[in-house]
Amino acid sequence: MSDDGRASGTPGHIAPLDGIRAVAVAIVMLSHAGLERIVPGGLGVSAFFFLSGYLITTLMRVEQTRTAAVSLRGFYARRVLRIVPPMWITLTIGLVLTLAGVIEAVNQPGLSAPAVAAQYLFLNNYTDSFGWNGGIASMPIWSLAVEEHYYLAFPLLYIGVLRKLSPARAALLCAGLCAVVLLVRGGHALAGDPLDQLYYWSHTRIDSILAGSCLALYRNPVLDGTAAWRPRRREVAGALLLLAATLVIRDELFRQTLRYSLQSLAFFVLFAAVLQSRGLVARLLAAAPMKRVGDYSYSLYLSHLLLLAVVMQLTGLGRGAGAAIAYPLSFGYAALMFHYVDRPLARVRRALHRGGYRWRGTARCAAA
């Protein structure tokens, strides 16, 4: 759900990431189709988080190398153009459907202005804490709020601190911040705060994105050539076993605290391996069908639950049978969004990345 990038120090395309997006959104959609006991939807979200941190930080490194500056204005403009239009369009469709009585609001029969405003303004992952009920239902946009909060803060950290450090120390600082977030999760748990809310809050989940930035900063598998870290087979096998363990262990305290940190550690190894691989897995992830689903993944993520709710409400079908109707509709919706919203705005984002709106002064960075 982010801008594309490629190797050799210039913005472009990292083909395997399309396949990772496709796999991640498929995991989420299958889980929501009634298979949550078999398919761990949260793992797909965590993969999206790691991917976002890795790709955004990689693109910032590319811009710094190419222009000796990182444009805050350009960064924020690209994020807004990428995330806000598809989200607001889909939210507005959900709002109209709720007002028309096709679907119900969250947790109460009527809409609440604060809850709806929080959804449009990327605050909806804290609405339960605020006691705001009555938002637009079937919109899994809490994760977008976590990402947006990260996008607001991380460029300031990069420009103000990380650019002044060696790559190793910059990555180490980010890893330290990941440990701090883990401690914060543990603190909430020990204080008796609702464990299920730790899944949604930005300050308890942002380390999943920050871990991706760690991989982008030091021995980046796309940018750093022969200096890139190359996991050995036993390290990849260990990462897969670790990932499996996070899914098998069902203790709720573990699941809402240590699980996310261990998944990030596993993704660190697996992403590094996949992005440098020329084997079967990498070829499958870069295949044309996977690219297409990857292109559609953001709008699929936004729309699939909404359309599933509409189908279930109108037909009385269960989630599995409803998904058989709703998910093809979601692909159609995503195709329209890609061709008429995402693709035109992508051209604007690329123009911004090629040098528009570059600030000087506080936004200026030394070349890598």
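## Helix contact and aromatic pairs

At 2% relative accessibility, Phe48 counts as buried (under 20% relative accessible area; exposed is over 50%, partly exposed in between, with a 1.4 Å probe and protein chains only). Tyr301 is likewise buried, because its relative accessibility is 2%. This is a predicted model in which local features need pLDDT of at least 70 and side-chain atom pairs count only at pLDDT 80 or more, while totals for chains, interfaces and linings use all residues. Residues are numbered from 1 along each chain as its sequence is written, and side-chain values use heavy atoms, with hydrogens and water left out.

The whole structure holds 18 aromatic pairs (rings of Phe, Tyr and Trp, the last by its six-membered ring, with centres within 6.5 Å; planes under 30 degrees apart are stacked, over 60 edge-to-face, the rest tilted). Two of them are tabulated.

| Pair | Centre distance | Plane angle | Class |
|---|---|---|---|
| Phe48 and Tyr301 | 6.2 Å | 65° | edge-to-face |
| Phe50 and Phe267 | 6.0 Å | 50° | tilted |

Phe48 lies in helix H2 (residues 41–67) and Tyr301 in helix H14, so this pair ties together parts 253 residues apart in sequence. Helices are DSSP runs of H or I with at least four residues, numbered from the N terminus. Phe50 in H2 and Phe267 in helix H12 (residues 258–276) are 217 residues apart, and both are buried. Ring pairs also join Phe75, Tyr76, Tyr150, Tyr151, Phe154 and Tyr158 into a cluster.

Helix H14 (residues 288–315) also meets helix H1 (residues 15–35): their axes, lines fitted to C-alpha atoms over the stretch in contact, come within 7 Å and cross at roughly 25°. H1 and H14 are therefore roughly parallel (angles under 35 degrees).

Note on methods:
Axes are lines fitted to C-alpha atoms, for helices over the stretch in contact, and angles run from 0 to 180 degrees between N-to-C directions. Helices (H or I, at least four residues) and strands (E, at least two) are DSSP runs, numbered from the N terminus. Angles under 35 degrees count as roughly parallel, over 145 as roughly antiparallel, 65 to 115 as roughly perpendicular and the rest as oblique.
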